[in-house]
Amino acid sequence: MIESIGLNYIWLVPLAPLVAFILITFLFKRFKMLSALTAIFSMVISFWLSLDIVKTILTDHSITMNSPLEKAVPWLNMNGLFIEMGALIDPLTAGMLFVVTFISLLVMVYSVGYMHGDPGFSRFFSYLALFVFSMLGLVIANNYFQMFVFWELVGLSSYLLIGFYFYKDSAAQANKKAFITNRVADFGFMIGIIILYLYFGTFNFAELAKGISSSSDLAFLTLAGILVFIGPIGKSGQFPLHVWLPDAMEGPTPVSALIHAATMVAAGVYLLARGFILFASSTTAMTVVAYLGGWTALFAATIAITQRDFKRILAFSTLSQLGYMVMAIGVGSLTAGMFHLTTHAFFKALMFLCAGSVIHALHKQDIFEMGGVFKEMKITGTCMVIGGLAIAGIPPFAGFWSKDEILLVAKENGYTLLYVLAAVTAFLTAFYMFRLIFLAFFGEKRSDYHAHESPWTMTVPLMILAVFSIFGGFIGAPFVEHGFASYVYFGEPHHPKPDIMLMGSSTLIALAGIFLAWLVYIKKAISAEKIANQFAPIYKFLYNKWYIDELYQWFFDKIVLGLSALLNWCDRYIVDGIAHSIAWMTRTIGAKGRYVHTGSLQTYGLVIFAAVVVIVLFLAGPVVGGVQ
Amino acid sequence: MITLNHYLLLSAILFCIGLYGALSKRNAVAILICIELMLNAVNINLVAFTKFLTPEVLTGQIFAIFVIVVAACEVAVGLAIVIAIYRDRSSVVVENLDWLKW
């Protein structure tokens, strides 16, 4: 047994924020600063324990992906149904715990500044604590059932936080949309784990892994894998259930940073990594995962280049990056997917917090109304540029190493088409990110605004995240001994050989994207309007997000409501008609039949006698007629 | 010579008279009398069949005695009901006794 405070008190990691949530909701709601401090203090505890777990795993090599530490208590033991609540600790969990608690802590500190003066200040922190509790419960889950429960809980907290400004109609619509879209996906996930349970008789990851590796029922495994994958399609915003994520930007910006960029949406990728053996057992399922991820990456990037809203551009960029991660898992590299998840969490949280800082100062979201913000907000601007360089994949920033690894495994495993898709996406990513940066932070002022740098509670988290966005990639860089890949892997650790050609080409692609953005938006050598006008149909198509929302609206209006109208007609006129006519028949027969009941004894006697005569004649008929 | 058919004819005539009376009389007591008539028509039938078909066993006669006993009981109950109705309504005209109507 390894002595470690983190491992011994792992149950405290999710429980600390839960306690904070309860305390804030029931006791501290009226004391704003106390609420914030409670939430932050609970995060410090979780973060410190997570750090200790990471440290233990790094120093003591007894816990690996193949020999995880499992702690569980029986939670539900009914006839034939056994469910545990527990913790599964391996490097994957530890890494995720670190990312979640770290980003949460920074976002909470940031929120103290960002939400200052908001009437819902305490409520905000209680929801954040609830979210972190759910997310950590999901991360440490040792079985699918627990994961599903917390999966739904993060969905709930996401719903609450998107609709934080519930008095705004757009926010109310957005959280409804997010919740319903996620429910659709969760239903697939739920069916997936139910059929897994029916087939293998357990929810436990380790036992399932044993069952799956000895099973040869390929059709079943493919079906189960694809059903379970529907969960991540919703939660991680993969095509075609991505529609909720851009709208989720209605929530406060720290929420967008924490939930809709760094952690919750990464839960889908985490699930793919956690249940990797299930997907790996079926080539078909893996191919579906890989191509859907690759397609989402490109699809979201094409939309991002035309959007005008600061946060929406980042949202589509998140979709695109999530597509990268899913694709990495799909092409068979758990390591690359999780590595990109980690670095992405740093730089995307950074960029969202920068966005929050800008919006906080300017009260504007349209990048075409900004311009020249850099002069007034040096720290935010610098951090944003660092984030942009990281996501574009310029060495040595974090995104370069992880994105490169994905490109490398895609190429290595023979997915040439996906490699090309990913490379094109990388170009688009560099372009739209620097379009955003150049338009918002550089050039001349395009509208009247008064900007000022944000308070230290906001800038300090930015600077910390900026440091991680610069150096975070080194944990998995190819020249680092015992890096990320030697801890988080599936089967055997796999160290892809660094490919100088590939590194060079992807750097060139990223630089080309940035250069193009510079030409268009700073140098104005190419007019964006002219291109937009020249390719007006394509521009409109992309600007309207491929009309996916409209397609869903049309589908709902025409198909669903049409079908409902038809069924309503059937119910009203056919089903009700049958019931009504039976009732009418009974009533009419009764009304007519009552005249037979005269109440006169003698009439009854006559009828009885007449009936006897008829029966006798009928029975005697053959005898009387001599027929016998 | 009186044959079985004569008895049966007499019985049928009696039965029809009884039936007609039972269905058409207005007075409840008269209806009871008519029912007695019908029962006695049956009794004639029973005795006549025994006399002509199986004279060695007295099944019909014994049956007839049973019928007379039952008829006596029935008349007792029937008259009691008629009296009860008369006390209640001061009338035994069956046309007015339509309580069975809902």
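# Chat about a predicted two-chain model

User: OK, chain A. How many helices and strands are there?
Analyst: Chain A has 26 helices and 2 strands. Its C-alpha trace spans about 120 × 65 × 55 Å along the principal axes.

User: And what share of chain A is buried?
Analyst: Of the 628 residues in chain A, 50% are buried. As for contacts between residues at least 6 apart in sequence, 80% join residues at least 24 apart.

User: Which residues touch the most other members of the largest nonpolar core?
Analyst: A:Ala349, A:Leu350 and A:Ala422 do, in a core of 206 residues. Helix H20 of chain A, residues 416–441, supplies the largest share of this core, with 18 residues.

User: What does A:Ala349 touch?
Analyst: Leaving out residues up to four places away in sequence, A:Ala349 touches A:Ile103, A:Val107, A:Ala257, A:Leu258, A:Ala261, A:Ala262 and A:Leu465.

User: Back to H20(A). At what angle does H19(A) pack on H20(A)?
Analyst: The angle is about 155°, and the axes are 8 Å apart. An angle over 145° counts as roughly antiparallel, so that is how H19(A) and H20(A) run relative to each other.

User: Is that crossing left-handed or right-handed?
Analyst: The crossing of H19(A) and H20(A) is left-handed. From H19(A), the contact uses A:Lys403, A:Ile406, A:Leu407, A:Ala410 and A:Lys411. H20(A) brings A:Leu418, A:Tyr419, A:Ala422, A:Ala423 and A:Ala426. By class that makes 8 nonpolar residues, 2 charged and no polar. A:Ala422 has already come up here, as one of the residues that touch the most other members of the core.

User: What about H20(A) and H22(A), how do their axes cross?
Analyst: H22(A) covers residues 500–523, and its axis comes within 8 Å of the axis of H20(A), crossing at roughly 35°. This crossing is right-handed.

User: Which residues make that contact?
Analyst: On H20(A) they include A:Ala423, A:Ala426, A:Phe427, A:Phe431, A:Phe434, A:Arg435 and A:Phe438. On H22(A), among them are A:Ser506, A:Ile509, A:Gly513, A:Leu516, A:Trp518 and A:Tyr521. The contact has 18 nonpolar, 3 polar and 1 charged residues. A:Ala423 and A:Ala426 of H20(A) are also listed in the contact with H19(A).

User: New topic. Where are the cis peptide bonds you have for chain A?
Analyst: One joins A:Phe239 and A:Pro240, with omega about 5°. Another joins A:Pro395 and A:Pro396, with omega also about 5°. For background, most peptide bonds are trans.

User: Where do those two prolines, A:Pro240 and A:Pro396, sit?
Analyst: A:Pro240 is in the loop between helix H9 (218–235) and helix H10 (244–247) of chain A. A:Pro396 is in the loop between helix H18 (378–392) and helix H19 (398–412) of chain A. H19(A) is the helix that packs against H20(A) at about 155°.

User: Which residue has a positive phi although it is not a glycine?
Analyst: A:Trp546 is one, with phi about 60°. The loop holding A:Trp546 runs between helix H24 (536–543) and helix H25 (548–593) of chain A. A:Trp546 is partly exposed, because 16 other C-beta atoms lie within 10 Å. In chain B, B:Ser90 has a positive phi of about 55° and is not a glycine either.

User: Is B:Ser90 buried or exposed?
Analyst: B:Ser90 is exposed, because it has 7 other C-beta atoms within 10 Å. B:Ser90 lies in the segment after helix H3 (59–89) of chain B.

User: Last one, A:Tyr144. Where is it, and is it buried or exposed?
Analyst: A:Tyr144 is in helix H6 of chain A, residues 144–162. A:Tyr144 counts as buried because it has 28 C-beta neighbours inside 10 Å.

User: What does A:Tyr144 touch?
Analyst: Not counting residues up to four places away in sequence, A:Tyr144 touches A:Ile193, A:Leu196 and A:Phe203. A:Ile194 is 50 residues from A:Tyr144 in sequence, and their C-alpha atoms are 9.4 Å apart.

Note on methods: Residues numbered from 1 in each chain as written. Chains lettered and ligands numbered in written order. Predicted model: local features only at pLDDT ≥ 70, side-chain atom pairs only at ≥ 80, totals over all residues. Helix = DSSP H or I, 4+ residues; strand = E, 2+ residues; numbered from the N terminus. Buried ≥ 20, exposed ≤ 12 C-beta atoms within 10 Å, placed from the backbone. Contact = placed C-beta atoms within 7 Å. Core = buried A, V, L, I, M, F, W, Y, C linked by C-beta atoms within 7 Å. Axes fitted to C-alpha atoms, helices over the stretch in contact; angles between N-to-C directions. Left-handed = near helix turned anticlockwise from the far one by under 90°. Nonpolar A, V, L, I, M, F, W, Y, C, P; charged D, E, K, R; others polar. Parallel < 35°, antiparallel > 145°, perpendicular 65-115°, else oblique.
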